[in-house]
Amino acid sequence: MLKITLIEAARAGAAEIQRFFQKEFKISNKTGVNNPVTEADHASEKAILGVIKSRFPEHYVLSEEAGEIIQDSNYKWIIDPIDGTINFAHGIPINCVSIGIEKDGQAIMGAVYNPHMNEFFFAEKGAGATLNDQPIKVSRESSVVNSCLVTGFPYTYINMPNGPLEVFDRFIRKGVPVRRLGAAAIDLCWVACGRFDGFYEHKLEAWDSAAGYLIVEEAGGRVTDFDGNKYSPYQHRILATNGRIHDEMLDVINKRKEL
Ligand code: IPD
Ligand code: CA
Ligand code: CA
């Protein structure tokens with residue numbers, strides 16, 4: 001029932017994304033510059049919450065636009081109704097619904113659905129990861145210089161040692177391709193299915209990564225913070241790789257090694 005509900009919820013949100021995509025919609029700004037929320041974010045969230053509440057009204061929910069719906073429950077749904085809102089608002093078909101589920105504080109299931117490409121990523125703890133029901137695996141690349149990476153930049157500039165531009169500079173100066181798709185949940189899933197060898201970002205929120213990080217782990221990858229500690233979606237920094245390039249990427253990010 002949990003899995004069916006998760007899949008239905010992701011599909012319901014994605015149907016709203018498609019209803020508004022490349023059409024007219026209302027758009028407003030959250031705090032900061034270029035941090036928009038659209039009518040479609042709210043419509044997707046409403047559809048997702050409708051499905052979850054109809055089956056599991058007692059479950060705890062954390063959703064990007066609605067915030068925390070606090071219940072006394074072992075289960076927690078962590079929802080990004082549109083990951084990649086700026087892409088969505090510009091008609092760029094790289095955006096998705098992302099929904100993770102925790103039980104007793106541990107990630108147990110995740111779904112990321114990009115309806116524009118009809119790509120449905122799913123993982124269940126201990127049962128592997130799939131793309132459109134076919135098993136997926138991370139890549140086998142073992143050196144960073146031969147890797148294809150992806151990153152994202154926060155809406156608020158982070159000025160600090162080993163900040164986003166410094167780390168980016170270290171990779172691109174050596175000719176390592178570093179893409180920037182604009183949807184962290186998709187970045188993670190594209191690591192999981194081997195299109196990218198690694199993804200890092202300095203300031204994610206729980207709803208950006210809660211589903212995607214389990215999908216990477218279940219596809220055989222490794223996900224940590226920038227110190228190499230086990231990843232928690234409740235801190236900001238993430239490094240997700242195929243496992244083989246992980247330590248080398250940590251060294252470059254922390255400036256212990258030059259490529
Ligand atoms: C954003 C995207 C982007 C990442 C930002 C996120 P949103 O989510 O995942 O790739 O760089 O940090 O906030 O705002 O489109 O849901
Ligand atoms: Ca997001
Ligand atoms: Ca969002």
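Lys30, Glu64 and Glu65 are joined in a network of salt bridges, a salt bridge being a side-chain nitrogen of Lys or Arg within 4 Å of a carboxyl oxygen of Asp or Glu. By this rule the predicted model holds eleven salt bridges. This is a predicted model, in which local features need pLDDT of at least 70 and side-chain atom pairs count only at pLDDT 80 or more, whereas totals for chains, interfaces and linings use all residues. Residues are numbered from 1 along each chain as its sequence is written, chains are lettered from A and ligands numbered from 1 in the order in which they are written, and side-chain values use heavy atoms, with hydrogens and water left out.

Among the other salt bridges, the side chains of Arg173 and Asp169 meet at 2.7 Å, N to O. Arg173 is exposed, with a relative accessible area of 65%, while Asp169 is partly exposed at 29%; here buried means under 20% relative accessible area, exposed over 50%, and partly exposed in between, with a 1.4 Å probe and protein chains only. A salt bridge also links Glu248 and Lys257 at 3.1 Å, N to O, where Glu248 is buried at 18% relative accessible area and Lys257 is partly exposed at 33%. The side chains of Asp251 and Arg256 likewise form a salt bridge, at 2.9 Å from N to O, and in this pair Asp251 is partly exposed at 24% relative accessibility, whereas Arg256 is exposed at 56%.

Glu64, a member of the salt-bridge network, is also a donor to a metal ion. The protein donors of the calcium ion (ligand 3) are Glu64 (OE), Asp80 (OD) and Ile82 (O), which lie 2.2 to 2.3 Å from the ion; donors are N, O and S atoms within 2.8 Å of the metal (3.2 Å for Na, K and Ca), and water is not among the atoms, so sites may look incomplete. Along the chain these donors of ligand 3 follow the spacing E-x15-D-x1-I. Ile82 counts as buried, at 1% relative accessibility.

A further calcium ion (ligand 2) is coordinated by Asp80 (OD), Asp83 (OD) and Asp208 (OD), at 2.1 to 2.3 Å, and its donor residues are spaced D-x2-D-x124-D in the sequence. Asp80 lies in strand E5 (residues 75–83) and Asp208 in helix H6 (residues 206–209), so the pair ties together parts that are 128 residues apart in sequence; helices (H or I, at least four residues) and strands (E, at least two) are DSSP runs, numbered from the N terminus. The calcium ions (ligand 2 and ligand 3) are 3.7 Å apart, and Asp80 coordinates both. Asp80 is buried, with a relative accessible area of 0%, and Asp208 also counts as buried, at 11%.

The protein is divided into domain 1 (2–135) and domain 2 (144–253), with bounds that come from an automatic or database domain assignment. The centres of domain 1 and domain 2, taken over C-alpha atoms, are separated by 21 Å. Domain 1 gives 39 residues to the contact and domain 2 gives 25 residues, contact meaning heavy atoms within 4.5 Å. The area buried between domain 1 and domain 2 is about 2,400 Å², of which carbon and sulfur atoms give 66%; buried area is the accessible area (1.4 Å probe) that two parts lose on being put together, summed over both. Of the area that domain 1 buries against domain 2, Asp83, Ile94 and Phe121 supply 20%, more than any other three residues.

Between domain 1 and domain 2 the count is one salt bridge, and there are nine residue pairs in polar contact, both residues being at pLDDT 80 or more. A polar contact is a pair of N or O atoms within 3.5 Å; within protein, one must be able to donate a hydrogen and the other to accept it, and residues adjacent in sequence count only if both atoms are side-chain atoms. The elements that give two or more residues to the side of domain 1 that touches domain 2 are E5, helix H3 (85–89), strand E6 (96–103), strand E7 (106–114), strand E8 (119–124) and strand E9 (129–131). The largest share of this side of domain 1, seven residues, comes from E7.
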